[in-house]
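Keep the viewer open as you read.

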Amino acid sequence: MSSTAGQVIRCRAAVAWEAGKPLVIEEVEVAPPQTNEVRVKILFTSLCHTDVYFWEAKGQNPLFPRIYGHEAGGIVESVGEGVTDLKPGDHVLPVFTGECKECAHCKSEESNMCDLLRINTDRGVMLNDGKSRFSINGRPIYHFVGTSTFSEYTVIHVGCLAKINPLAPLDKVCVLSCGISTGLGATLNVAKPAKGSTVAVFGLGAVGLAAAEGARIAGASRIIGVDLNSNRFKEAKKFGATEFVNPKDYNKPVQEVIAEMTNGGVDRSVECTGNIDAMISAFECVHDGWGVAVLVGVPHKDAVFKTHPMNLLNERTLKGTFFGNYKPRSDLPSVVEKYMSKELEVEKFITHTVPFSEINKAFEYMLRGEGLRCIIRMEE
């Protein structure tokens, strides 16, 4: 066991004290892991748009002070009671959703939506005792989606940790713990395009580009990128996109444009924006008889999806997905192996790197729409 096992660890963490204000590097106390919990030393973390969304306090109950972060890679420092499949020294990816392996969802081959550990953005404490493992001078600091990786050490439920190949570089594969796997899995696991098929991807941010990458890996013959920002088209070519459509360039619905381009519609579409109009377009642009549309983006809480029932009766299929239908503990190690075997490239998603002390720069890049993923190095 490590020399710090069972003891409180003092370390640096980037604390969000209030909505939209720069994070502050503070010394925090991180309590030892309790039953079914693991304390992890985070080596690399990256910024995902979900962190920014909740830091800005849009669309949920604001909970501060809080430690954000959920895309990361680290090494197990110590484990709590009942943890048998992880030990100190193991390399892990924390995941915002979990896999208890015991509920009906976990036992189903079709679902990855664990009853116990499904994402909960409102909960800022651990399940075991309803308390935080972080504090500053006795004051609790709240957790975020069970991971809180903007800290040199964090405590995570064992079900939210994927044990991976120790040879995989954590500064690269850390991006597989959220957005990239979400987009990749939406295509490979849910849309399942056949070799030679046509695929439309709506939204060319990191998740959408990962969806395009999935279509490329699947052998799609045409991958049509759809985005309101034409500047993203050049970047998308690196991820397999073959053609581009900016809906603003046409005076008719983009689904009609795509149907004309593809002789009746694409075989598969993947929507990665969260915009309700894009969702409707993604569904209505697939070919009747066999077309499948997959929704990935998270819409506004009051959004309503409207389409004519004939679009479904004409044998189009509409699906939704969560984390690309990957079960974190069971499936994520194999996604890492795709990278290790050079089937999947992740370097092209990584556009910036900053030291932990400059974490606010990562927020600036994302707010300005610069780059895809910014890696934050915890050790400086």
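What follows goes from spaces to rings, then to cysteines and backbone details.

A few ground rules come with it. This is a predicted model, so local features need pLDDT of at least 70 and side-chain atom pairs count only at pLDDT 80 or more, while totals for chains, interfaces and linings use all residues. Residues are numbered from 1 along each chain as its sequence is written, and side-chain values use heavy atoms, with hydrogens and water left out.

Let's begin with the spaces. Rolling a probe the size of a water molecule over the atoms shows where empty space is left. Here the search runs on a 1 Å grid over the protein atoms alone: a cavity is a set of points where a 1.4 Å probe fits but cannot get out, a pocket is an open set with protein on both sides within 12 Å along at least five of seven lines, and lining residues have an atom within 4 Å of a point. Grid points are joined across faces, edges and corners, and a volume is the space filled by probe spheres set on the points.

The second largest pocket comes out at about 180 Å³. Its lining has 13 residues, and N36, C100, E102, V158 and R329 are the ones nearest its centre. Sorted by class, that makes four nonpolar, five polar and four charged residues (Ala, Val, Leu, Ile, Met, Phe, Trp, Tyr, Cys and Pro are nonpolar, Asp, Glu, Lys and Arg charged, and the others, Gly among them, polar). As for cavities, there is one of 30 Å³ or more. The largest cavity holds about 150 Å³, and nine nonpolar, three polar and two charged residues line it. Nearest the centre of this cavity are L117, R123, L127, G146 and H157.

Now for the rings. The model has twelve aromatic pairs, meaning rings of Phe, Tyr and Trp (its six-membered ring) with centres within 6.5 Å; planes under 30 degrees apart are stacked, over 60 edge-to-face, and the rest tilted. Take Y53 and F54: their ring centres are 5.2 Å apart and their planes at 80°, so the pair is edge-to-face. Y53 is partly exposed at 30% relative accessible area, whereas F54 is buried at 8% (buried is under 20%, exposed over 50%, partly exposed in between, with a 1.4 Å probe and protein chains only).

P65 itself is in the loop between α1 (49–55) and β4; helices (H or I, at least four residues) and strands (E, at least two) are DSSP runs numbered from the N terminus.

What about the cysteines? A search of the whole structure turns up zero disulfides, a disulfide being a pair of cysteine sulfur atoms within 2.5 Å. For C11, the nearest cysteine sulfur is that of C174, 18 Å away. C374 has C174 as its closest partner too, but at 10 Å the sulfurs are too far apart for a bond. C374 is buried at 4% relative accessibility.

N325, in the loop between β15 (317–320) and α10 (328–340), has phi near 65° and is partly exposed at 25%. K342 has a phi of about 65°, and at 73% relative accessibility K342 is exposed.
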